[in-house]
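Dear colleague,

I am passing on the structure below, and after it you will find my notes on how its parts are arranged. Please read them with the coordinates open beside you.

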Amino acid sequence: LAVGRISRDPSLDLGHRLDYVILQEECETPRALLRFVDFGKLSSAFIGPLNAGYCEVAAYLGENWNKAIFSWMCINYKLDSTVHHNTFARTLPSPTQILLTVMKYFKWAHVGIIASSEDIWMYTAKESATALRNHGLPVAIVTSVHKGEKGIEDTWNKIKEINNIKIILLCMHSVLIGGQEQADLLTKALEMGLADGRYVFVPYDTLLYSLPYQNNSFSVFDNDSKLREAYDAVLTITLESGERTFYDAFREAKESGEIIRDLEATQVSPLFGTIYDAIYFMAMAMDSTRRKGVRASGANMAEHTKNFSFPGFSHRVETDSCGKGLNNYVILDTDGHGNQLFPTHLLDMSSGSVLSLGQAIHFPNEVPPKPDSSCWFDPDVLCTEG
């Protein structure tokens with residue numbers, strides 16, 4: 001869809017015909033990396049990788065091949081150094097930056113991370129922990145969920161033993177788009193009395209796409225009162241919808257005949273909007289290098305990602321004069337009873353500020369987790385005595 005629209009976009013002058021090939025990424029990280037080494041001959045630029053575990057090595061390979069890598073999934077903070085990684089570009093703000101903005105606003109510094117046992121999520125959890133610790137924040141535990149009810153119970157028992165945790169980051173597929181593991185984890189937390197407001201659960205994967213929340217009800221809550229109650233302790237952070245949601249944009253593309261597959265919008269992961277935007281982002285970089293009269297090499301393409309503004313799949317995509325994404329995010333909350341999510345705060349990524357939208361967060365027992373000392377968020381002050 002993206003490639004078709006780019007080829008018909010009169011505002012873009014690429015100088016090349018754009019085509020794509022889907023490079024199958026192995027699930028296990030070492031094998032995925034080995035496979036990536038072979039991709040060097042197959043493409044002129046890359047959208048990906050999906051596994052955060054080998055992003056840094058992929059960035060070094062991209063540099064060696066002088067081929068740009070456009071990523072929304074890579075977390076590693078070292079990748080933001082253009083001196084060391086001059087062919088790497090982010091198509092979305094770093095997930096760590098979004099989390100830090102929220103944590104600083106609420107003064108929740110102590111973090112626990114639970115990952116699905118899949119390789120891709122375990123590496124995401126490890127890289128997230130490293131990035132947060134690099135900012136001086138205390139990540140007390142990084143663990144993965146073992147199979148079965150007993151495995152989930154053991155995971156929560158490990159968390160329970162650690163004092164002071166305020167935020168628990170859930171690195172797995174969101175229950176709102178079919179993630180059964182997250183549903184089981186949250187339900188068990190409720191049964192064990194851990195969804196009582198002492199923790200705030202934050203799903204990781206909704207940071208990577210625009211979850212359709214406007215005028216949308218989530219049927220996963222309809223016949224599951226336990227899950228509905230457990231989700232009251234969850235704050236969902238996602239890309240702000242534009243004038244239309246991902247589902248609206250998908251339906252429009254279907255009605256216009258651009259999408260011919262027989263799929264309902266709700267059967268498609270909103271991550272496809274992110275992938276679409278990343279491909280368009282790359283085309284904008286190609287166009288920008290051509291207009292500046294330089295060769296479309298990897299380093300030049302990654303360099304020319306500044307001051308973008310273009311219509312993405314369901315919302316506008318913009319970057320600042322340094323090439324950093326200016327997409328806004330929202331914090332979504334339920335009222336503990338219904339099947340809808342409501343925006344409570346807006347994250348303005350251009351200024352790094354959080355603005356209240358006038359709807360209070362509904363915490364279980366109506367009490368948020370106790371704030372941590374603000375020294376955790378001041379790089380010039382050393383925290384002492386906890």
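Between domain 1 and domain 2 an area of about 1700 Å² is buried, and carbon and sulfur atoms give 65% of it. Please bear in mind that this is a predicted model, and that the values here are computed from it.

On the side of domain 1 that touches domain 2, helix H2 (29-39), helix H9 (246-255) and helix H10 (271-291) each supply at least two residues. By residue type, that side of domain 1 divides into 12 nonpolar residues, eight polar ones and one charged. As for specific pairings across the interface of domain 1 and domain 2, the rule finds zero salt bridges, while two residue pairs are found in polar contact, both at pLDDT 80 or more.

The domain assignment of the chain places 1-91 together with 246-318 in domain 1, and 96-240 together with 328-377 in domain 2. To the contact between them, domain 1 contributes 21 residues and domain 2 contributes 20 residues. The C-alpha centres of domain 1 and domain 2 are 28 Å apart.

Turning to the chain as a whole, its secondary structure amounts to 11 helices and 13 strands. Its C-alpha atoms fill a box of roughly 60 × 50 × 40 Å along the principal axes. The radius of gyration of the chain is 21 Å, which agrees with the value near 21 Å that a compact globule would have with 386 residues.

How values were computed: Residues are numbered from 1 along each chain as its sequence is written. This is a predicted model: local features need pLDDT of at least 70, side-chain atom pairs count only at pLDDT 80 or more; totals for chains, interfaces and linings use all residues. Side-chain values use heavy atoms; hydrogens and water are left out. Domain bounds come from an automatic or database domain assignment. Contact means heavy atoms within 4.5 Å. Buried area is the accessible area (1.4 Å probe) that two parts lose on being put together, summed over both. A salt bridge is a side-chain nitrogen of Lys or Arg within 4 Å of a carboxyl oxygen of Asp or Glu. A polar contact is a pair of N or O atoms within 3.5 Å; within protein, one must be able to donate a hydrogen and the other to accept it, and residues adjacent in sequence count only if both atoms are side-chain atoms. Helices (H or I, at least four residues) and strands (E, at least two) are DSSP runs, numbered from the N terminus. Ala, Val, Leu, Ile, Met, Phe, Trp, Tyr, Cys and Pro count as nonpolar, Asp, Glu, Lys and Arg as charged, and the others, Gly among them, as polar. The radius of gyration is taken over C-alpha atoms; the globule rule is 2.2 Å times the number of residues to the power 0.38.
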